[in-house]
Amino acid sequence: RGDLSGFAPISWEEAITELSASLGKMRTEGKAAGLACISGSPRSSMFELWRQFFAAYGSANLFSTPCHADSLKLAGLLTLGYESPPAFALERASYVLSFGANLLEGWGAPARMQTVFAQWHQAKPGAAATKLIQIEPKLSMTATKADEWIPITPGSEPALAVGIAHVMIKRNLYDADFVNNHVSGFEDWTDNDGKVRQGFKQFVLSTYPPQKVAELTGVDAVKIEELAKTFAAQENSVALWGDG
């Protein structure tokens, strides 16, 4: 151990026998918790096999490397109380605001997106076709096929999203009943030490007015107001985002 010249090739059978003996000895001695594993993506069949193995072996020390889905689950937990990434009812959407989501270049499940995109452009009984607004710096394939492409300063998509939220909050264009009953951290709140913490509503209203957002994004303030009003007026609006 520690001396590279000391390594020697052995067969798979020898390696499995040696590993099994070591693991068996740890478990017999009540030291199963001494086994740990750091795996890759938790969204894989391999991770599920590791999970089953560790449950049977008796160790809780199975870890996965952090990924984007972890951030989405945390956001869901902090705002809605559910530790789960969001899902989108795209088949029922009437208005789609895409912040750089490459819907036609492999975003989500490609086969589903191709089908959904075709459905958006079909006439619906008693309803207009779904409108897609693509917001991103480059004229991508999705942008060329969208009903409208809005060029934006690279990396400023989050500022535009919050700018749209500013207009919706200021003009009361959001579902207040849903927010009041299901969302945490929207209004100012007091922590366990008695300190008043700023909520999302006050942060957005004080920090991201349309004029400032226009400077950050290159999108005109009048256009920001228009996007917010149109998004809020639709019964089935959906906002999506890309990797950035």
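Which residue follows H1, and is its phi positive or negative? We get to that in the first view.

These legends describe a predicted model, where local features need pLDDT of at least 70 and side-chain atom pairs count only at pLDDT 80 or more, while totals for chains, interfaces and linings use all residues. Residues are numbered from 1 along each chain as its sequence is written, and side-chain values use heavy atoms, leaving out hydrogens and water.

**View 1. Helix H1 and what comes after it.** H1 covers residues 12–28, 17 residues in total. Helices (H or I, at least four residues) and strands (E, at least two) are DSSP runs, numbered from the N terminus. From first C-alpha to last, H1 reaches 24 Å, close to the 24 Å expected at 1.5 Å a residue; the expected span is 1.5 Å times one less than the number of residues. Gly30 follows H1, and its phi is positive, near 75°.

**View 2. H1 meets helix H2.** H2 is residues 45–57, and its axis comes within 11 Å of the H1 axis, crossing at roughly 45°. Axes here are lines fitted to C-alpha atoms, for helices over the stretch in contact, and angles run from 0 to 180 degrees between N-to-C directions. Angles under 35 degrees count as roughly parallel, over 145 as roughly antiparallel, 65 to 115 as roughly perpendicular and the rest as oblique. Leu23, Met26 and Arg27 of H1 touch Phe53, Ala56 and Tyr57 of H2, with contact meaning heavy atoms within 4.5 Å. Sorted by class, that's five nonpolar, no polar and one charged. (Ala, Val, Leu, Ile, Met, Phe, Trp, Tyr, Cys and Pro count as nonpolar, Asp, Glu, Lys and Arg as charged, and the others, Gly among them, as polar.)

**View 3. Helix H6 against helix H10.** H6 (residues 157–170) and H10 (residues 221–233) pack at about 65°, axes 9 Å apart, so they're roughly perpendicular to each other. On the H6 side, look for Leu160, Gly163, Ile164, Val167 and Met168; on the H10 side, Ile224, Glu225, Leu227, Ala228, Phe231 and Ala232. This contact splits into nine nonpolar, one polar and one charged.

**View 4. H6 against helix H8.** The H8 axis (residues 200–207) comes within 9 Å of the H6 axis, and the two cross at roughly 105°, so this pair is roughly perpendicular. Val162, Ala165, His166, Ile169 and Lys170 of H6 meet Phe200, Lys201, Val204 and Leu205 of H8. The tally is six nonpolar, one polar and two charged.

View 5. S4 (residues 131–135) and S5 share three bridges, and Ile135 has Ile150 in S5 as its bridge partner.

Note on methods. Pairing = 2+ DSSP bridges.
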